[in-house]
Amino acid sequence: MTEFSKIRIANIDDAIYIQEVLDDAKALFKSEGSDQWQDLDNYPNINTTINDINKKQMYVYEIDKKVVGCVVLSKEKEEAYNKVYNGKWIEDDNYYVIHRLSVRNGYYKKGIAKALINYAESITKKDNVKSIKVDTKKENIRMLTLLKTLGFKEVGIIHLLRKDVLDVKRVALEKCL
């Protein structure tokens, strides 16, 4: 069984379970004193999840038919990525974006996040896209460490454009394929 055999495109029946995974991540951030995903609009919320599913850009990782991880691989250009502070992107136009990578509480440190990123990378390569971009808060050491271990490079800082974000600054990372 390959690491990808437990990953599939999400469907609408998964929405509530994906939201549970995202809510676990929110709780973890809050417990660590991070304001990531503690925004006034409750982002990422069920509407975000349903939108991701409808766009066919949400993937889930299942163990025993239980959703224990999720990731968005967006083919849409990220408007917030148009301006990079203290750096620049390596690839300007030909990229996909990873968003909302999360793992359910109780399943941490089992390689699920790594498998989801590797899966996103495999789709990106298959589509002949040159890079994957992602952003996260500088306090999200787990995510930064994982991304760097997988070959992502810090390229600067971006500012999110959502109006209800408590802190718009994010570390921008990119991996060229």
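Guide: Let us start with Ala15, which has its place in helix H1; helices (H or I, at least four residues) and strands (E, at least two) are DSSP runs, numbered from the N terminus. This is a predicted model, in which local features need pLDDT of at least 70 and side-chain atom pairs count only at pLDDT 80 or more, while totals for chains, interfaces and linings use all residues. Residues are numbered from 1 along each chain as its sequence is written, and side-chain values use heavy atoms, with hydrogens and water left out.

Visitor: Is Ala15 buried or exposed?

Guide: Buried means under 20% relative accessible area, exposed over 50%, and partly exposed in between (1.4 Å probe, protein chains only). Ala15 has a relative accessible area of 6%, so it is buried. Ala15 touches Ile46, Thr49, Ile50 and Ile53, not counting residues up to four places away in sequence, where contact means heavy atoms within 4.5 Å.

Visitor: How should I read the two sides of helix H1?

Guide: An α-helix has 3.6 residues a turn, so residues three or four places apart point the same way. In H1, the buried residues are Ala15, Ile18, Gln19, Val21, Leu22, Ala25, Lys26 and Phe29. They cover an arc of only 160° around the axis, and therefore sit on the same side of H1; the arc is that of the directions from the helix axis to the C-beta atoms. On the other side of H1, Ile16 and Ser31 are exposed. The buried residues of H1 pack against helix H2 (46-54), S2, S3 and S4, and just after H1, Gly33 takes a positive phi of about 80°.

Visitor: In what order do the strands of the sheet run?

Guide: Strands of a sheet pair through backbone hydrogen bonds, either parallel or antiparallel. Here seven strands form an open sheet with mixed pairing, in the order S1-S2-S3-S4-S5-S7-S6, two strands being paired if DSSP finds at least two bridges between them. Strand S1 (7-9) and strand S6 (153-159) are the edge strands, each pairing on one side only. Within the sheet, S4 and S5 pair in the parallel sense over three bridges, and Tyr95 stands opposite Ser131 in S5.

Visitor: Which residues touch the most other members of the largest nonpolar core?

Guide: In soluble globular proteins, nonpolar side chains tend to be buried together. A nonpolar core is a set of buried Ala, Val, Leu, Ile, Met, Phe, Trp, Tyr and Cys residues joined through side-chain atoms within 4.5 Å. The largest one has 30 residues, of which Ile98, Leu101, Ile117 and Phe152 touch the most other members. H3 gives the most to this core, with eight residues. Ile117 touches Ile98, Leu101, Leu146, Leu147, Leu150 and Phe152, again not counting residues up to four places away in sequence. Apart from this core lies another, of 15 residues, among them Val21, Leu22, Tyr43 and Ile53.

Visitor: Which residues of helix H4 are buried, and what do they pack against?

Guide: In helix H4 (residues 141-149), the buried residues are Met143, Leu144, Leu146 and Leu147. Seen down the axis of H4, these fall within an arc of 165°, so they line one face of the helix. They pack against strand S4 (95-103), helix H3 (112-126), strand S5 (131-136) and strand S7 (169-176). The face of H4 turned away from its buried side carries the exposed residues Ile141 and Thr149.
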